[in-house]
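My notes are below, in the order I looked things up.

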Amino acid sequence: MRNCYIITLLSLLGLQLQAQTPQLPELQRELSRQRDSAGYLVVLGRISALYAVIDVDSSFQYAIKVRDMAARLHDARGHADANDLMSWYYALKTDFGVAGIYAYRALKIHEQLGDSARVAKTLSNIYLYYRNTGRKEDANNYFYQAFKMASRLPPDKDSVYGILLINYVMRFYKDSAHADSVHWALKRARQVVNKYPRSKISFYIDAYSLNDLVQQGQGRQAEEAIYRLADNALRAGMPYVAMDMYGRLDDFPRMGYHPDTARYQEKAYLLGVQTGSIELNLYWLARLYDYYKQKKDNARMVQYGREIMQLAAEKRYQPNAHSFDYIEIFLKEKAVADLAQQNKRQQQVLAAELAASDNNRLLAVGVLIVLVLLLVVAFERYWHYQRLKQQDEALLRSYRDIAALNAALTETDAFKNKLISILARDFRGPLVHLTEVAARFKSGKLSKAEMATWLRHISATSGKVLEVFDNILKWLRLQLSGYHYEPVRCRLLPLIQSALGPLEAELEKKRLMVKNYIPENVSVLADEEMLKLVNIQLLQIAVAVATTGSMLEITVDQSMGQTEVHIKAKTGEDTRFVLAGLENWQDNGLALGLVISRDLMKMMQGYIIAEGQEHSYLAFGYILP
């Protein structure tokens, strides 16, 4: 009888029995609504698991996407899911060796995560892979490990225990010594399934429970019940479970009832064709070939024979214990005529080779010794190469760490120098002025009018000091590591106008005319406080470098998903010298403002513009995404 390993494999990622066709569009819509990578990865894994019972090739493609995305996100659970799904794919293709490799990788991750339910599932899968490759002793070890772990799971996760109970039934239902334990396992599995009304385990419980009906002489009723179970599985969108239901009929002759073999074997074969898992049906193909051979139906014999030959030629194919006999017999019968015709010629070739073997033996031994020596030398060279490579990589990592540390120290030193420069530039003048005013008040020689004038000066100076201090605090807050940038929609025109307000006295003093060409409806995604500070710094620089009586132009351009703001000023001298001065922020207060603006704009994913135009014009501005 074919190996019934579908039930355990279908348990990957906790996929429950339900109508599959409406669920797929629902998952695809949910995938399109995801806004973060973690949620996207989870839904992608569900889609891959859903395809595992619909189309295994599509499931494999999604599993690769899950694996790659999980690697980028360092998501261990997603990586384990991908390994489980790829293990399922290779198992359906009967490549149990590769399936075992991916299952073992998933097992190690589940153990690291401490997920006992998933560990039990994967152990059960590995048990089936080893069983199908003939490693019975290893398979037994994994089976009992899985069964013991599943029996200890809490009640809210005991669906895995139900799967292991069915595996127990599959393993021992033919052994009369385990008859009582098999009936207990079926009863216990049904108790578990009652808590999970959508569970696929119910199909297997019902199918194996029909054995009692067959043994009571009601084989016909049991056969029709099997067909009803298969039809229900197909309506639920689970063709692999339906194939297992047909497989139960293959065991009925042992219990005294002989069903219509061609009927269920052809149904199982067609399901294998439809689901792209024809490798699972080599047993059915061989039986159908023998059946139509007895019926002398040459067309069917050619059809099934071609399928068997094509699948048997694949390297990945690893036949199970029973299907191997049929394939071997078929291949021997097919090749017997060719062997008879070639026998004489092969005997002649063999005699000639035996005559020359004495001379060739010494040559072969010599060549073998030389090859062994070459392999030893090659291995030694390769080992030295790997050691040197590891040493180079370790040295490169140390260089990178030192470079990163040096960059961090340089950045810290630059920040300290900027802060000292700001304090020296912006606080020294106002504080000296306040000291002078205090000295005049102390002399007591001021009239009331002079005192009122000096008080107004003090008020203006204090306001400037507070404004400077406020800007410094904003800049310091933005430099701290705990600050998280969250852009909002900001109207550009009010921000420009608010930045021009503190500069009115300077604009009037230099008789500068401002042409603001920014429309009212223009907005950008940015931090409002940061953008306001950038506007103030750039406008201060533009006013400072502009010639008396000239004009400042403020323009904006939105194209290709970017917003560009330009402040154009006439300098009256070669712009190259002005730009050179703006690079020396340690000695130039205006240059320091430009450096601060660059820091702020970098945090908003934008950058600052400072360029010369038409020899005597400077353009300041910024670009935001």
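These entries cover confidence, ring pairs, an arginine and one serine.

**Ground rules.** I am working with a predicted model, where local features need pLDDT of at least 70 and side-chain atom pairs count only at pLDDT 80 or more, while totals for chains, interfaces and linings use all residues. Residues are numbered from 1 along each chain as its sequence is written, and side-chain values use heavy atoms, with hydrogens and water left out.

**Confidence.** I checked pLDDT, the predictor's confidence in each residue on a scale from 0 to 100. The protein averages 77, and 76% of the residues score at least 70.

**Ring pairs.** My rule: rings of Phe, Tyr and Trp (its six-membered ring) pair if their centres lie within 6.5 Å; planes under 30 degrees apart are stacked, over 60 edge-to-face, and the rest tilted. That gave me 17 aromatic pairs. I picked out Phe60 and Tyr90, an edge-to-face pair with 5.7 Å from centre to centre and 85° between the planes. This pair joins distant parts of the chain, with Phe60 in helix H4 (residues 56-73) and Tyr90 in helix H5 (residues 76-92), 30 residues apart. Helices here are DSSP runs of H or I with at least four residues, numbered from the N terminus. Phe60 and Tyr90 are both buried, meaning under 20% relative accessible area, with a 1.4 Å probe and protein chains only.

Next I looked at Phe147 and Tyr168, whose planes stand at 40° with centres 5.7 Å apart, so I logged the pair as tilted. Here too distant parts of the chain are linked: Phe147 is in helix H8 (residues 136-151) and Tyr168 in helix H9 (residues 159-172), 21 residues apart. Phe147 is buried because its relative accessibility is 16%, and Tyr168 is buried because its value is 13%. Both belong to one aromatic cluster, along with Tyr127, Phe143, Tyr144, Tyr161 and Phe172.

**Arginine over rings.** I count a charge as over a ring if NZ of Lys or CZ of Arg is within 6 Å of the ring centre and within 35 degrees of the ring normal. Arg248 lies over the face of Tyr208, 4.0 Å from the ring centre, and over the face of Tyr173, at 4.9 Å.

**Back to H4.** Which residues is Ser59 in contact with, leaving aside its neighbours within four places in sequence? I found Ser48, Tyr51, Ala52, Leu85 and Trp88. Ser59 is in helix H4, and at 1% relative accessibility it counts as buried.

How values were computed:
Helix = DSSP H or I, 4+ residues; strand = E, 2+ residues; numbered from the N terminus. Buried < 20%, exposed > 50% of the residue type's maximum accessible area, 1.4 Å probe, protein only. Contact = heavy atoms within 4.5 Å.
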